[in-house]
Amino acid sequence: MSQQTKPSVVFAHGIWADGSSFSKIIPTLQAEGHEVIAAQYGLDTLAGDVAAVKSALARVTNPAILVGHSYGGTLITAAGTDPRVAGLVYIAALAPDRDETSQSLLNKFPASDVFSHVEVSDGRVWMRPEGVKCFAGDLPEQEQKLLWATHAAPAADLFTQKVEGTAWRSKPSWYVVATNDHTVPPDLERFVASRMGATTYEIDSSHVPMLSNPAFVIEVIGAAAKSVTSSQRVA
C-alpha cells in the first residue's frame, strides 16, 4: 500500500439519483480517514457514465473501493477492472455478466413495482410522483418528496447499452441486499450476489438503504475496507 492507511472510496449512483444519495454515508467515512468522492454523470450513455466513474477514480489515491447503488452496480462492474480498484461494494445493485446488459439481467425476473409508475418523455425515463414510494418507501415523506423533486431521468435506451468489463469476476465483492426493495427485485440481488461469490448482507430496507439505514451500509463498507487493507499488507 501507499502511505495512505485506508483505501479510498468512490461512489457510483443509480438512475433517478445523483451523488447526493450517499450524503448520509460520506461524512462518516471521511471522519474515519477515507478519501471519498462521488462520481457524477448524466445518465446519457453507459460508456460515458463508466468513463465518469474512472475519472472520479483518478482523483483519489489508490487502492480504492468502488461502491455502486442500483445502476451504479453496472458501472462499477465495468470500471472496476481498473488496476487501482481493490474491491467492489454493491448496494441493491445490478451486476451484469459479460453477456448481459442491465435490461437483460432485469428481464430474468418479474418486473418490479416501480416500473408501473414511470413514463418516457423527450427520450428520458421519468418517475411519476407516486413511484417514489416504490423507490424509497421507508424514508420520511419529506425526504421522499425531495428525492422525487431532484430525481435525474436516464436516457430511455441506457439499460440496453453494453460496455466491456466484468470486475466482480476478479475482484473481491460485498453485497447489500435490500429485502423490501420494489425497484430492483430482492431475488435478483440475491442471484447476482451469489453468482459473484460476494460477502452478502441483508437488511429490511427499500431500494435506498444508504439513506434509510446508513449506519448499516457504513459497516459493510468498513468491512470491505478492512479486508482490502489486510490483503494489501499481505501482498
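Guide: Start with exposure: a residue is buried under 20% relative accessible area, exposed over 50% and partly exposed in between, using a 1.4 Å probe and protein chains only. This is a predicted model, in which local features need pLDDT of at least 70, side-chain atom pairs count only at pLDDT 80 or more, and totals for chains, interfaces and linings use all residues. Numbering runs from 1 along each chain as its sequence is written, and side-chain values use heavy atoms, without hydrogens or water.

Now the salt bridges. The rule is a side-chain nitrogen of Lys or Arg within 4 Å of a carboxyl oxygen of Asp or Glu. That rule gives a count of 10 salt bridges.

Take Glu 143 and Lys 24. Their side chains meet in a salt bridge at 3.0 Å, N to O. Glu 143 sits in helix H6 and Lys 24 in the loop between S1 and H1, so this pair ties together parts that lie 119 residues apart in sequence. The element names come from DSSP runs, numbered from the N terminus: helices are H or I with at least four residues, strands are E with at least two. Where does this pair stand on exposure? Glu 143 is partly exposed, at 27% relative accessible area. Lys 24 is partly exposed too, at 32%.

Next comes Glu 100 with Arg 195. The closest N and O atoms of this salt bridge are 2.9 Å apart. Glu 100 is in the loop between S4 and H4, while Arg 195 belongs to helix H7 (residues 186-196), so the bridge ties parts 95 residues apart in sequence. Glu 100 is buried, with a relative accessible area of 7%.

Arg 190 forms a salt bridge with Asp 187, and the closest N and O atoms are 3.2 Å apart. Both residues lie in helix H7, three residues apart, or about one turn of the helix. Arg 190 is partly exposed, with a relative accessible area of 33%. One group goes beyond a pair: salt bridges that share partners join Glu 100, Lys 108 and Arg 195 into one network.

Now move to helix H3 (71-79). How many of its residues are buried? Nine of nine, which leaves H3 mostly covered. The buried set runs Tyr 71, Gly 72, Gly 73, Thr 74, Leu 75, Ile 76, Thr 77, Ala 78 and Ala 79. The cover over them includes strand S1 (8-12), H2, S3, strand S4 (85-91) and H4.

Ser 70 sits in the loop between S3 and H3. It has a positive phi of about 55° although it is not a glycine. Ser 70 counts as buried, at 7% relative accessibility. Asp 122 also has a positive phi of about 55° and is not a glycine. Asp 122 lies in the loop between S5 and strand S6 (124-127). Here the setting is open: Asp 122 is exposed, with a relative accessible area of 75%.

The backbone has another point to check. A cis peptide bond joins Asn 62 and Pro 63, with omega about 5°. Pro 63 falls in the loop between helix H2 (46-57) and strand S3 (64-69). Most residues other than glycine have a negative phi, and most peptide bonds are trans.

Two buried side chains round out the tour. Contact here means heavy atoms within 4.5 Å.

Trp 174 is in strand S7 (residues 173-178). Is Trp 174 buried or exposed? Trp 174 is buried, with a relative accessible area of 6%. Leaving out residues up to four places away in sequence, Trp 174 touches several stretches of chain, among them Gly 87, Leu 88, Val 89 and Tyr 90. Other contacts of Trp 174 include Ala 198, Thr 199, Tyr 201, Val 220, Ala 223 and Val 228. Thr 199 is 25 residues away along the chain, yet the C-alpha atoms of Trp 174 and Thr 199 are separated by 4.6 Å.

His 34 lies in the loop between helix H1 (26-31) and strand S2 (36-38). His 34 is buried despite sitting in a loop, with a relative accessible area of 7%. What does His 34 touch? Not counting residues up to four places away in sequence, its contacts are Lys 6, Pro 7, Val 9, Leu 29 and Ala 225.
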